[in-house]
Amino acid sequence: MTTLFGTADVAIGMGGGLSRVRLFDGPLELSWHHCATTSDFIADLFAVRFQASRNDYREVRHSIGYLVNELIENAVKFRAPGEIMVEASMDAETFKVKVSNVVEGDVASGFQGLLSEITVGDPGDLLIQRIEANAADPEMTGSGLGLLTLMSDYGARLAWIFSPTDENDRICLETYASIPISQTHN
């Protein structure tokens, strides 16, 4: 059974001009370094149209890079062995990204529990509550701080689709996100 968390319209249509990057699992192992390198590449690719204004370029590049890095890091951290697919597009007002990977069933269940907590209420209030909870329990993992920061500080709209795979107890996880992009110059 397919399950959706988050804003349904974010998960509909990536639009034209789709770019796709596939991270393969292999002898080098996917690691944090791959997350940063890939997110920097995608940020550079999509921010290039804002080069006429250094401030716009830096802001757009930073926002895209932060968003993509957070989503890829989560995919690397929680994935079952296999590849990670990153698809991105941008129109005049919005950058959209989809990160797909496979997770074990127990990981999917735990993540769905977290999502049911962090997708209700005001992201700013939830972020403060999670920061306080992390401070009280430094051993806490899977807090959702990165996702809440994206929603609260970057205006990200997020959605997740969990679908069964043909493999036993493995779930295909598609994470969708969009952030507003504005160009302040003409």
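A disulfide is a pair of cysteine sulfur atoms within 2.5 Å. A search of the whole structure finds 0 disulfides. The structure is a predicted model, in which local features need pLDDT of at least 70, side-chain atom pairs count only at pLDDT 80 or more, and totals for chains, interfaces and linings use all residues. Residues are numbered from 1 along each chain as its sequence is written, and side-chain values use heavy atoms, with hydrogens and water left out.

**Overall make-up**

- The protein has 5 helices and 6 strands; helices (H or I, at least four residues) and strands (E, at least two) are DSSP runs, numbered from the N terminus.
- Along the sequence, these elements follow the pattern β-β-α-α-β-β-α-α-α-β-β.
- Of the 186 residues in the protein, 43% are buried; buried means under 20% relative accessible area, exposed over 50%, and partly exposed in between (1.4 Å probe, protein chains only).
- The protein exposes about 9,900 Å², and carbon and sulfur atoms supply 51% of this area. Accessible areas come from the Shrake-Rupley method with a 1.4 Å probe, and for residues only the protein chains shown count as cover.
- A contact means heavy atoms within 4.5 Å. Among the contacts in the protein with a separation of 6 or more, 69% are between residues 24 or more positions apart.

**The sheet**

- Strands of a sheet pair through backbone hydrogen bonds, either parallel or antiparallel.
- In this protein, 6 strands form an open sheet in the order β1-β5-β6-β4-β3-β2, with antiparallel pairing; two strands pair if DSSP finds at least two bridges between them.
- The edge strands, β1 (3-6) and β2 (19-23), each pair on one side only.
- From one strand to the next, the twist averages 15 degrees.
- Strand β4 (residues 94-104) pairs with β6 in the antiparallel sense over 11 bridges. K98 stands opposite Y176 in β6.
- Helix α1 lies across β2, β3 (84-90) and β4, and runs at about 170 degrees to β2. For such angles, axes are lines fitted to C-alpha atoms, for helices over the stretch in contact, and the angles run from 0 to 180 degrees between N-to-C directions.

**Salt bridges**

- Side chains of opposite charge can pair when their charged atoms come close.
- A salt bridge is a side-chain nitrogen of Lys or Arg within 4 Å of a carboxyl oxygen of Asp or Glu. By this rule the count comes to 8 salt bridges.
- R61 forms a salt bridge with D40, with the closest N and O atoms 3.8 Å apart. This pair links distant parts of the chain, as R61 is in helix α2 (residues 54-78) and D40 is in helix α1 (residues 32-47), 21 residues apart.
- R61 is partly exposed at 24% relative accessible area, and D40 is partly exposed at 35%.
- R61 also meets D44 in a salt bridge (2.4 Å, N to O). Here R61 in helix α2 and D44 in helix α1 are 17 residues apart. D44 has 32% relative accessibility and counts as partly exposed.
- R130 forms a salt bridge with E117, and their closest N and O atoms are 2.3 Å apart. R130 belongs to helix α4 (residues 123-136) and E117 to helix α3 (residues 105-118), 13 residues apart.
- R130 is buried, with a relative accessible area of 13%, whereas E117 is partly exposed at 44%.

**Single residues**

- C35 is buried, with a relative accessible area of 0%, whereas C172 is partly exposed at 21%.
- N69 is in helix α2 and is buried, with a relative accessible area of 17%. Not counting residues up to four places away in sequence, N69 touches C35, A36 and S39.
- Most residues other than glycine have a negative phi. D169 is not a glycine, yet D169 has a positive phi of about 55 degrees.
- D169 lies in the loop between β5 (157-164) and β6 (170-180). At 54% relative accessibility, D169 counts as exposed.
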